[in-house]
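Dear colleague,

Please find the structure below, for your records.

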Amino acid sequence: MALTDRLVRYKFTRGEERPTSPPEVLATYPAYGLSYKYGGWHLTRTITFGQGHSNLLYVTVGSSCNACDEKEEIRATLSVMDADGKNQRIIARGLRNGVGMRFVGGALFLTNMGADHLGDDEPDDAMFSVSPRALQEGGLDFGWPHCYYSGGKAKTDPRFPLAPSRRDCQGVPDAFAVFGAHSSPLGLDYFGADSTAPVLKGQFLVALHGASKKKLNRGYRVVRVDGHGQVHDLITGFIDHGVVRGRPCDIYKLSENSFLLSDDNANVIYYVHAK
């Protein structure tokens, strides 16, 4: 279980409906200042296990700020560890707020939010694909805070100087898919070839939480992303002439033709299925 300040696991005994054992702490994370005033910007920690026979556990930890050089190494990273918390190491940096993660075909797909100080139309929010080889080798850097994405390509942030170790943003990975600035992509899931619904087959579904500046009319929807990174609307209507009806948060596949969608504005979970 991923909490803001720690990662814990519970031992289940056969026949139990809930764990009775005390939680075992596998890792700890910074959690000071649970407000914008104190830098507690991104409080979620997302976890997922590798595919196949892998017992590796992957964890994302968001940044403490909009754009800064972090004082704590674990901020704005993707890390990996054994299932028991041993052999922890950071394999990717520069992820300002990577929330959604899913393995598909051995590759890790994850969403990420761009910074907020470059105006209404930049930077892109993004979705990345990380190959098995890149996951194994590590050393990835998605650029934040010195680089941002526009049109799917990395550019230098003019308001935040490059670090001495980085001369440009050419080595930053391309995005698999991009969303409008301030769309705020959160959870995602994938529907494979077994789906009989054409609108779902071979598609990622991504929950776009929406821009805090409502007049931008960005996000507030569920989109589908195909294998080429093309983005198409699937469910809209969560904002209507500036009135917020809902904010999509996470997607959980139940079957190849159905899923759950959480909405943390209306405080509901929707069951969505193909007719």
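How many bridges join strand β9 to β13, and in which direction do the two strands run? Three bridges join β9 (residues 125-130) to β13, and the strands run antiparallel. Strands here are DSSP runs of E with at least two residues, and helices are runs of H or I with at least four, both numbered from the N terminus. Two strands count as paired if DSSP finds at least two bridges between them.

This is a predicted model, in which local features need pLDDT of at least 70 and side-chain atom pairs count only at pLDDT 80 or more, while totals for chains, interfaces and linings use all residues. Residues are numbered from 1 along each chain as its sequence is written, and side-chain values use heavy atoms, with hydrogens and water left out.

**The sheet.** Strands β9 and β13 belong to an open sheet of four strands, in the order β7-β8-β9-β13, with antiparallel pairing. Because β7 (101-104) and β13 (177-179) stand at the edges with a single partner strand each, one side of each has no neighbour in the sheet.

**Asp-189.** This residue is located in strand β14 (residues 185-191). Asp-189 is buried, since its relative accessible area is 8% (buried is under 20%, exposed over 50%, partly exposed in between, with a 1.4 Å probe and protein chains only). A polar atom of the Asp-189 side chain lies 2.8 Å from the backbone nitrogen of Lys-253. Beyond its neighbours within four places in sequence, Asp-189 is in contact (heavy atoms within 4.5 Å) with residues including Arg-102, Phe-204 and Tyr-252.

**Thr-48.** Strand β3 (residues 45-49) holds Thr-48, which counts as buried at 15% relative accessibility. Thr-48 and Gly-100 are 52 residues apart in sequence, yet their C-alpha atoms are 9.5 Å apart in space. Not counting residues up to four places away in sequence, Thr-48 touches Leu-56, Leu-57, Tyr-58, Met-101, Phe-103 and Leu-108.

**Glu-137.** By contrast with Thr-48, which is buried, Glu-137 is exposed, at 53% relative accessibility. Glu-137 lies in helix α1 (residues 132-137).

Yours sincerely

Note on methods
A polar contact is a pair of N or O atoms within 3.5 Å; within protein, one must be able to donate a hydrogen and the other to accept it, and residues adjacent in sequence count only if both atoms are side-chain atoms.
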